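Hi there,

Here is the structure I promised to pass on. My notes on it follow below, so please have a look at both when you get a moment.

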Amino acid sequence: MSSEPEKPLPSSRARRHFLGVVLATGGRVAALSAAATALHSLPAQAMGNKWWNRPGGDKGSGDGDGGNCFLRGTSIRTPEGETRIEDLKIGDLVETVRGQAVAIKWIGRRTYTIAGPSVSENITPIRIARHALDDKTPEKDLYLSPNHALLIDGVLIRVKELVNGMSITRTLPAGQKNVEYFHVVLDKHEVIFAEGAPAESFLMRESNHEAFENFAEYERLYPAHSRTPMAPFAPFAGYESGREHLKALLLLGVSPFIQLRDPIQDAYKRIATRAAQPVS
């Protein structure tokens with residue numbers, strides 16, 4: 001079963017949201033300090049809703065329905081070779097983009113039952129087709145939850161921002177009756193290899209691990225660290241909420257010398273262009 005096929009999106013898709021991009025780096029935050037007062041003085045309903053309460057807004061990766069996870073069957077790179085995520089266990093080593101082998105601290109899991117003809121976009125996996133990113137990556141079709149981020153051009157981009165209806169689509173593998181997600185928790189936020197693609201490990205943020213059905217196991221194993229937040233491996237780029245949109249608007253007015261790059265648009269256009277090229 002799969003969601004309805006998506007039409008290819010124009011490369012200007014990300015451009016429409018350009019002013020909503022915020023890179024969570026110290027320099028950007030510092031640049032926003034002069035705009036903080038103006039932000040709080042804006043009307044509460046400026047975005048049409050109470051934008052400070054939007055699911056997933058201003059909290060970073062992994063918030064909102066569906067979280068950020070690997071679909072069952074995803075191969076993760078380990079020093080011993082590729083291992084399906086459901087076969088990994090606490091203490092196993094996984095390889096990171098830093099060139100290190102890091103021990104798994106915990107594995108979260110969550111299952112959604114498909115009860116009707118359609119599945120929520122927050123839950124439906126996103127398929128990154130084989131070689132969608134470049135000539136080698138991913139090594140085969142990779143299925144991630146919408147909020148899961150890939151490391152692209154030095155920033156973390158959630159795959160939902162890269163859907164183009166061609167090489168990156170919302171769909172379920174054929175015959176799938178349940179959506180079963182897993183995620184890997186390490187001592188800190190890292191980027192590991194899933195089907196050869198650089199994908200984030202779980203980013204612990206306060207109580208977001210409670211979204212997993214087996215979260216009590218984590219709290220039993222690590223009672224003193226169950227809510228210790230992690231620092232992101234790299235800056236996140238994303239169109240997450242009205243607050244971020246307003247911050248970007250204010251940032252444009254802070255200084256004429258500050259320039260914002262849109263890494264999502266850059267990646268989107270490159271990947272969509274690649275997908276549109278005829279296969280030789």
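Glu206 counts as exposed, at 58% relative accessibility (exposed means over 50% relative accessible area, buried under 20%, and partly exposed in between, with a 1.4 Å probe and protein chains only). This residue lies in the loop between β14 and α3, and its phi is near 55°, a positive value in a residue other than glycine. Helices (H or I, at least four residues) and strands (E, at least two) are DSSP runs, numbered from the N terminus.

Met204 is found in that loop too, between β14 and α3 (215-221). Is Met204 buried or exposed? Met204 is buried, because its relative accessibility is 0%. Leaving out residues up to four places away in sequence, Met204 touches Val185, His209, Tyr218, Ser226, Thr228, Pro229 and Met230, where a contact means heavy atoms within 4.5 Å.

Residues are numbered from 1 along each chain as its sequence is written, and side-chain values use heavy atoms, with hydrogens and water left out.

The mean pLDDT of the chain is 76, and 66% of the residues reach 70 or more; pLDDT is the predictor's confidence in each residue, from 0 to 100. Over residues 1-66 the pLDDT is below 50, though this stretch has 139 contacts in the model beyond near neighbours in sequence. Residues 241-256 also stay under 50, and here the model has 41 contacts beyond four places in sequence. Where pLDDT is low, the predicted coordinates should not be read in detail.

As for the overall picture, the chain has five helices and 15 strands, and 47% of its 280 residues count as buried. Among contacts between residues at least 6 apart in sequence, 72% join residues at least 24 apart. The chain exposes about 13,700 Å², of which carbon and sulfur atoms supply 51% (areas come from the Shrake-Rupley method with a 1.4 Å probe; for residues, only the protein chains shown count as cover).

Now for the inside. A nonpolar core is a set of buried Ala, Val, Leu, Ile, Met, Phe, Trp, Tyr and Cys residues joined through side-chain atoms within 4.5 Å. The largest one has 36 residues, and Phe70, Ile76, Ile128, Leu150, Ile157 and Leu162 touch the most other members. Elements that give two or more residues to this core include β7 (126-128), β9 (149-152), β12 (178-185) and α5 (263-276). The largest share, five residues, comes from α5. Apart from this core lies another, of 22 residues, among them Leu156, Phe212, Met230 and Ala234.

On the charged side, the structure holds eleven salt bridges, each a side-chain nitrogen of Lys or Arg within 4 Å of a carboxyl oxygen of Asp or Glu. Arg77 takes part in a salt bridge with Glu82 (3.7 Å, N to O) and in one with Glu139 (3.7 Å, N to O). Arg127 and Asp141 meet in a salt bridge at 3.5 Å, N to O, which connects strand β7 with the loop between β7 and β8. Arg127 counts as buried, at 19% relative accessibility, whereas Asp141 is partly exposed at 32%. Through shared partners, salt bridges join Arg77, Glu82 and Glu139 into one network.

Two backbone details to finish. A cis peptide bond joins Thr137 and Pro138, with omega about -10°, and Pro138 lies in the loop between β7 and β8. Asp153, in the loop between β9 and β10, has a positive phi near 55° and is partly exposed at 44% relative accessibility.

Best wishes

Key
Predicted model: local features only at pLDDT ≥ 70, side-chain atom pairs only at ≥ 80, totals over all residues.
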